[in-house]
Amino acid sequence: MQTQLPKDLLATETGQTADKILRSCVHCGFCLSACPTYGLLGDELDSPRGRIYLIKSVLEGNEVTTDTLSHLDRCLTCRSCETTCPSGVEYGHLLDIGREMAEEKGNRSLWQKVARFTIRKSLTTPWFFNLTIKAMPFLRHSKAVQFTVDELTLKQNLQDQADAMKSSVLLISGCVQPALAPNINQSSIKVLNRLGLNVLETPQEQCCGAVDHHLSGSDDAIKKVKANIDAWIHYLDQGAQAIISNASGCGVMIKDYAHLLREDSEYAEKAKRVAEHTFDIAEFLSKQDLSLFTNYKNQKVTFHSPCTLQHGQKLPGLVEDLLRRLGYRISHVTDSHLCCGSAGTYSIFQPKLSKQLRDNKLKNLQESNPPIIVTANIGCLMHLQKGTKTPVKHWIELLTNDS
């Protein structure tokens, strides 16, 4: 793709990155068939290729209209197009650059600005979010699971052992997960403890920054990212084995810290180190001896693979293979590469499109009449459960109960 970016923009790392990504696009159109919004709307500007043209226009200094913002807002950031693209276009990184510049140049309405600010602050302020869930408990997906006496004893023994830090992992608790579905973190701790690992859980305040990053709060996102790096690098310095995320949306954000801070002389290397030590819990467990958790009942489950896992972290089929190794029967899912419509706060700001995508996804997930649907991200889990009576859980819960 030919570009004519202004010289002052090209003189920056951001401009050079954008120019390189734009030039890697060869207009082939493979991305159209992989794009959920193009599939629903049939509008070229609601496809990756169309949005790339819009971003190119913004970067070249042309007017940013309300239509431009709308088409960019309607992108799910699912990155299915990246998986499909034969040219390796880094669409996600280009979208981040384009959205930030469009936000600066565009004329977003006051009510949209207020709504976006309110939502991102509400979700990333633990005391407020927890109070909201306490006042409206029907929003909660599930309660915390109970530890048995034996499990509590094991947990304490792992904490007390002389080399506790060297057999430790840092578990990212998440900003909304502890309130909405605390059982996920508790199940993760149970599994990791049984493998002989001491689990250090991050406080809820240490949000990964994804919500801010995707809702016009880039400055707040960078502040959170740097604060997290300062806190987590301390554990790595003391010998912690890994940083583990059981929410794929958080995982993909943390793994992108190195890219976000690539120009920061103080944080670039530290960000790279944190990113390199971050693993999705399935990614980490796939390298462990999981014979303790073998399922001898040949239980049938359907797995919904979050976009942030299969496209963002480039880990397609990982959970499915792991569960098969443990004895579960994994049902085939038609169009498993397509987004469920959750996409962080997308279901709040684009409810009609989000519901359409959810309905399509649930139709495919329930095609084999599974007794349970499992996934790997809190957002997908909450979103899907709203549309079905079939239980939707995090796959890690399978390893700690007989559900």
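Predicted model: local features only at pLDDT ≥ 70, side-chain atom pairs only at ≥ 80, totals over all residues.

Biologist: How many aromatic pairs does a search of the whole structure find?

Modeller: The search finds 2 aromatic pairs.

Biologist: Why is the pair Trp127 and Phe128 called edge-to-face?

Modeller: The ring centres of Trp127 and Phe128 are 5.8 Å apart, and pairing needs centres within 6.5 Å. Their planes stand at 85°. Over 60 degrees counts as edge-to-face, so that is the label for this pair.

Biologist: What makes the pair Trp232 and Tyr257 stacked?

Modeller: The planes of Trp232 and Tyr257 are at 10°, and stacked means under 30 degrees. Their centres are 6.4 Å apart.

Biologist: Which parts does that pair tie together?

Modeller: Trp232 lies in helix 15 and Tyr257 in helix 17, so the pair links parts 25 residues apart in sequence.

Biologist: How do you know whether Trp127 and Tyr257 are buried or exposed?

Modeller: Exposed means over 50%. Trp127 has 61% relative accessibility, so Trp127 is exposed. Buried means under 20%. Tyr257 has 0%, so Tyr257 is buried.

Biologist: Where does Phe128 fall?

Modeller: Phe128 has 36%. That lies between the two limits, so Phe128 is partly exposed.

Biologist: Which residues touch the most other members of the largest nonpolar core?

Modeller: They are Tyr257, Leu285 and Trp395, in a core of 78 residues. Beyond its neighbours within four places in sequence, Tyr257 has contacts that include Cys208, Val225 and Trp232.

Biologist: What is the volume of the second largest pocket?

Modeller: The volume is about 500 Å³. Of its 18 lining residues, those closest to the centre include Thr14, Glu100 and Arg262. Helix 8 gives the largest share of the lining, 6 residues.

Note on methods: Residues numbered from 1 in each chain as written. Heavy atoms only, no water. 1 Å grid on protein atoms, 1.4 Å probe; cavity = no way out; pocket = protein on both sides within 12 Å on 5 of 7 lines; lining within 4 Å. Points joined across faces, edges and corners; volume = space filled by probe spheres on them. Helix = DSSP H or I, 4+ residues; strand = E, 2+ residues; numbered from the N terminus. Core = buried A, V, L, I, M, F, W, Y, C linked by side-chain atoms within 4.5 Å. Buried < 20%, exposed > 50% of the residue type's maximum accessible area, 1.4 Å probe, protein only. Contact = heavy atoms within 4.5 Å. Phe/Tyr/Trp six-rings, centres within 6.5 Å; stacked < 30°, edge-to-face > 60°.
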